[in-house]
Structure formats: structure tokens, C-alpha cells
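Hi,

Here's the structure I said I'd pass on. Have a look at it first, and my notes on the spaces and cores follow below.

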Amino acid sequence: MDLRQLRYFVAVARERNFTRAAQTLHIAQPPLSRQIQLLEDELGVPLIIRKTRPVRLTEAGRLFYEQSLQVLGRVEQMQAATRRVGLNQNSVLSIGFVASTLYGGLPSLVRKLRQHAPEMDIQLLEMVSVQQIPALKEGRIDIGFGRLRHSDPNVIGTVLREERLVVAIPKGTSLAQDASPLGVAALAGQKVIVYPKEPRPGYADHVLNLLHSHDARPAEVQEVREIQTALGLVAAEAGVCIIPASARQIRSDVHYRLLDGKGATSPVILNHRVGDNSSYIDLVKQLIEEMYAEDPPWLDLEHNLLHRSLLSR
């Protein structure tokens, strides 16, 4: 199987006709039919029902069509990203981010970037921390803001701050009667909602490891995909959820208490490729320093341990 066969198959699937597909591909019909047949032989299943007019895809063919579109789209992204990196073209800056950073400074940083580099096209791509490392190495993103430490030698990770964690608690419950900091051990026996459900490892594992280290065994663990879903379930009295302090602004219909205990923080990490000397890296670091110096409301010093010196490395 090769990319040419995928492109041929996608053309036939779109046109629902071998003759028209061959015309769009600028090839003769017999070679096209032959390549589709070879593809089906390799897969061991028919992809196209040829007896109908127009031709139809089998159930396997529909699945293969969707997957082929993803593969070919990914190849195009790789080609564009590789050219951009190789030619040192900085007109496009792709930023990968975990959702929680939207509540802790990312919007302010993007606004500053647009002001300082109006010619730059900034693309924002939501992806969990574990996805950012391969995305950086493959050139799909230029920088990433994540919460998972890594040891990949090809990616530089700079801890911008250690953000304190808070526990979101349903209003009206016993734990919600107090606003003082809560020890992690006090969550033993609670139903805990964690996110994201996948991929792993991720922030969910960070939370579960924190509970384990304080011998706070939950009565039950429910995994969900997004922080918004997790907090919605807390509001519905389905359990408690541990989130970064800056994300408290997502919902006001739950009660928040700061977590006390060793390791009750979550790092905010700036990741970029080793050897990337593009000017935007220095600009991003400079703007982050300026942003922190302004002491914005979300940067509550009580809830953050800053690592300013790391930005100048």
C-alpha cells in the first residue's frame, strides 16, 4: 500500500465513477482500476461495489475512505510544516495547548503576540501534553503549552510556573462548608472525577498519583474527556474534581478549596524544538515575562510558584 493508491481510492470514492476519477487524476482508467484492485487484494476485502451506477463503497470501503482522508491530510500537514521549518519561514506560528491554559494566560499571550507581530498567522491547536512532543518533532506545531514533564532530548521543556491545585466540590456537601485549604488526604473515600480520559499518560494520571502519594484512596474514579464536563458533573453532585487554580473561573456553581500537601501543584510548561533559533521563541519568552510582571488577576501569587529565571536561559 502506498500514498498513490490512497489518492486513487479517494478519487474514486469521491467521484463514484472510475472514468471521472481517472480524468481528475490525469491518468488512464485501466491503471486506476488495477491499483484499486491491488489495494483490495492487499487488504483482503472489497472496498467498492462496481456493479452499481454510480459505484458504491462497501462498509469496509467507507471506513477506509475516512481513514484515507485523515492520512492524506496528515501528509499534507507534514509537508507544509517541514517546508516551513526548513525554510525558516515564521509567518505561521502553530501553538499547541492544553485546555486549562486558556484560563491561565494563553489568551493574553496570544493578544500580545498579535500586537508585536501583526504579520504572523497564529494557529491554536488544542492537544493534551503527551501529544505535543511528537507534534513538535514532526513540525505540526512550533511551541506547546502543556502540563506533563518529559525527558525527550529533542524537545526543550521550560517550567514557567508551578500552579497550585484546587478541589471543586458540590455545593451543600460537608466539604463545601469551609473555604480553608484542604489536605489531600481528606479526599479519601470520595468519588473523584478526572480528565482527560485519553490519551495517557496525562493530567488524570498526575491527579491519581497525587492521591496515591497521600494515601487518599477514592471510593470511585470516573474518567471524562474534558475539564468542562468534569466540573459539570461536580455541579450535578456526581463527585469532586481536582483542577488547576486558574480554572476556577469556568464555573461559579461549585465550591473551590485550595489543596494542601506535597506535590499539590501542576506545572505549566513551555515546549519547543531543540535547535530552533527562530525569533518567535525569544519573543514568546519575552512576552511571558512581561505578562507575569503585570501581575494579572489569574496569576495569583498565592497559587503559583514562578520560575522566572528559567525564561532567560
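Before anything else, keep in mind that this is a predicted model. By class, nine nonpolar, three polar and two charged residues make up the lining of the largest cavity. The structure holds one cavity of 30 Å³ or more, and the space in the largest cavity comes to about 110 Å³. It has 14 lining residues, and those closest to its centre are Gly104, Gly105, Leu106, Phe145 and Arg161. If you want to find it by elements, go to helix H5 (106–116), strand S6 (155–169) and helix H9 (279–293), which give two or more residues each to that lining. H9 has the largest share, with three residues.

Now for the open spaces. The largest pocket holds about 430 Å³. Of its 25 lining residues, Ala99, Glu126, Val128, Pro196 and Arg225 sit closest to the centre. Helix H6 (129–137), helix H7 (203–213) and helix H8 (227–235) supply at least two lining residues each. By class, the lining of this pocket has 15 nonpolar, five polar and five charged residues.

The second largest pocket has a volume of about 220 Å³. Its lining is made by Arg7, Val10, Ala11, Arg14, Leu25, Leu69, Leu72, Gly73, Val75 and Glu76. Helix H1 (3–15) and helix H4 (59–86) are the elements that give two or more residues here, and H4 gives the most, with five. Split by class, that lining has six nonpolar, one polar and three charged residues.

So much for the spaces; what about the packing? The largest nonpolar core has 37 residues, and the ones with the most contacts inside it are Val167, Leu187, Tyr195, Leu211, Ile242, Ile243 and Leu259. At least two residues of this core come from each of S6, strand S8 (191–194), H7, H8, strand S10 (240–244) and strand S11 (255–260).

Which residues is it in contact with, leaving aside neighbours within four places in sequence? They are Val167, Leu175, Leu182, Leu211, Ala216, Val240, Ile242 and Leu259.

Cheers

Key:
Residues are numbered from 1 along each chain as its sequence is written. This is a predicted model: local features need pLDDT of at least 70, side-chain atom pairs count only at pLDDT 80 or more; totals for chains, interfaces and linings use all residues. Side-chain values use heavy atoms; hydrogens and water are left out. On a 1 Å grid over the protein atoms alone, a cavity is a set of points where a 1.4 Å probe fits but cannot get out, and a pocket is an open set with protein on both sides within 12 Å along at least five of seven lines; lining residues have an atom within 4 Å of a point. Grid points are joined across faces, edges and corners, and a volume is the space filled by probe spheres set on the points. Helices (H or I, at least four residues) and strands (E, at least two) are DSSP runs, numbered from the N terminus. Ala, Val, Leu, Ile, Met, Phe, Trp, Tyr, Cys and Pro count as nonpolar, Asp, Glu, Lys and Arg as charged, and the others, Gly among them, as polar. A nonpolar core is a set of buried Ala, Val, Leu, Ile, Met, Phe, Trp, Tyr and Cys residues joined through side-chain atoms within 4.5 Å. Buried means under 20% relative accessible area, exposed over 50%, partly exposed in between (1.4 Å probe, protein chains only). Contact means heavy atoms within 4.5 Å.
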